[in-house]
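Here is a short briefing on one protein model. Look at the sequence and the structure first, then read the points below.

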Amino acid sequence: MSTDKPRPLLIVEDDPALQKQLRWSFDQFETLTAGDRESALTHVHRHSPPVVTMDLGLPPDADSVSEGFRLLEQILSAAPDTKVIVLTGQNDRSNALRAIGLGAYDFFAKPFEPELLALTIDRAFRLYDLQQENRRLQAAQHPAALAGLLTRNAEMLRVCRTIEKVASSNATVLLLGESGTGKEVLARGVHEASPRKNERFVAINCAAIPDNLLESELFGYEKGAFTGAAKTTPGKIESANGGTLMLDEIGDLPHSLQAKLLRFLQERVVERVGGRQEIPVDVRIVCATHQDLKTLIKEGRFREDLFYRLAEIVINIPPLRERKGDATLLAHAFVRRFSAEQNRGTMTLTEDAVRAIESHPWPGNVRELENCIKRAVIMADGQQITREDIGLDTEDDANTEFIDLRRIRDDAERNAVVTALGRANGNVVRAAEILGISRPTLYDLMHRLGLK
C-alpha cells in the first residue's frame, strides 16, 4: 500500500452540508475547504492544490456569480496550471461556458453524481501531472542540433532556446563570449537547426589569417589577380552559398575589409579580387568574437554601421565560472569520453578532484577544462583521477565553496519576508497574506531569522 501523502484538493463551497458531503466523497485526497474567496486564495498560495472544485455563488452575495468569477480569475492568475472544476446551477449553461472561456477545466451542474465528479477530478490530476512533466522535459532538453552541448545552467539553457528560435530565420547572429565558451559549437547549432542544414557550414577565423591574404580568402580571386594566382578560386563566402558562413573573431577583421563585408551584407553580392563581375550569394552569416565591439567602435577600430548589420540577433554566452555546477557536469562527461578513446576502461574523479574543479575559475572555459581532463586521463596511474592528476593551481580547501542548504534556505526565507514586509509597509497581517502563511507562522519566522 502506498504511503505517499494524499494530494491536496481544494473545495470552495459556502454550503456547510454540501462541503461536508464533498469532503466525505473525496477522502482519498487531502481535502482543503473554503467558504469564501479570501480563504480560498489563502489555500491556493499556501498549498498550491493542483485541482480545485468551486461554486460560483459565494459570499457576500451567494445569489450572484461575480465573487465566484473573480476568484476563478485570481486562481488562474496566481497558478495558471491549476485545474478548476466549476459547479453551477441546473440551468446555468451560460455561466458554465463563461467559466470555460476564462480557463476553467470543466463544469458540473448541481445536483451531480459524486462518482462522475470523482472521475473528472482524477482526470484533472493526471492532466496536471502530465503538463508538469512535459514542462520539465522541455526545460531540460536541448534542440536536436545542440544535443552534444551539456549544461544545467539556466542562462545557458536560455541561450539554447534562443538559438532554436532564430535558427529558422535568415537573421545574422552575433555570438559574444570569452574564448573557449563554445561559440563554434553554438554556430554549428544554428546551422544544424536551420533549413540550410543539408548545405555547407564554412568557418573562417579572421584572426588566424594575415591581413593581406584575408580578402582573397573571403572573397576569392580571379586568375592573374596577383603573383601566384594561377587559377580562378572562389572565396569562403562564395563556397558557403546556400549554407552558413561563420566569421570567427570578427573583431579582428581589418578595417580595410570591413567596408567590403558591409557591402556584401547589404547587397548579397561579392566581387573576387581582380574581378569586375558581381556574383550573387545566398548565405547565412554567424559571427563570433571575444572582444567588446562597442569599445572597438569608440577606438575607431570597428565600423559602427557594420556592427549594426551584424548584430541583428546578439547572443551573450556566459563563461564557465558563472555556470554553477556545469564544470563538474562537463568534467565527468569528458572523463567518460577520453577514457573510452584512450582505452583506459572506466575512470572516475575522486572527491578532492571534483572540489578542485569546482573551485577553479577556468579562465580558458570549456576548452581549458577539456584539455585538462584529457591530460589527466592519459597521465593518471590508476582508474581514479585525483586532484594531483588534474594539476590545478588551487589554493587551500578553505576557498572551496561548500553547499550549506540550511544557510541557502534561511537566506531565501529572509529575502522573501523582508520583501513582503516592505510591500505591506510593515503590516504583518498583510505580509502574511502575501507570503501565503498564517500570522503566527510569520512571527515565528521573523523571530528565528532575527527580524524585528
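Leucine 451 lies in the segment after helix α19 (439-449). The model is predicted: local features need pLDDT of at least 70, side-chain atom pairs count only at pLDDT 80 or more, and totals for chains, interfaces and linings use all residues. Residues are numbered from 1 along each chain as its sequence is written, and side-chain values use heavy atoms, without hydrogens and water. Helices (H or I, at least four residues) and strands (E, at least two) are DSSP runs, numbered from the N terminus.

**Leucine 451**
- Leaving aside neighbours within four places in sequence, leucine 451 is in contact (heavy atoms within 4.5 Å) with Arg414, Val417, Val418 and Met446.
- The C-alpha atoms of leucine 451 and leucine 310 are 51 Å apart. Along the chain, these two residues are 141 residues apart.

**Serine 216**
- Serine 216 sits in helix α8 (residues 211-219).
- A polar atom of the serine 216 side chain lies 2.9 Å from the backbone oxygen of leucine 213.
- Beyond neighbours within four places in sequence, serine 216 is in contact with Tyr221, Phe226, Gly235 and Val273.

**The five-stranded sheet**
- Five strands form an open sheet with parallel pairing, in the order β7-β10-β13-β6-β14.
- The edge strands, β7 (201-205) and β14 (313-316), each pair on one side only. Two strands pair if DSSP finds at least two bridges between them.
- Strand β10 (residues 244-248) runs parallel to β7, and five bridges join them.
- Asparagine 205 stands opposite aspartate 248 in β10.

Methods. A polar contact is a pair of N or O atoms within 3.5 Å; within protein, one must be able to donate a hydrogen and the other to accept it, and residues adjacent in sequence count only if both atoms are side-chain atoms.
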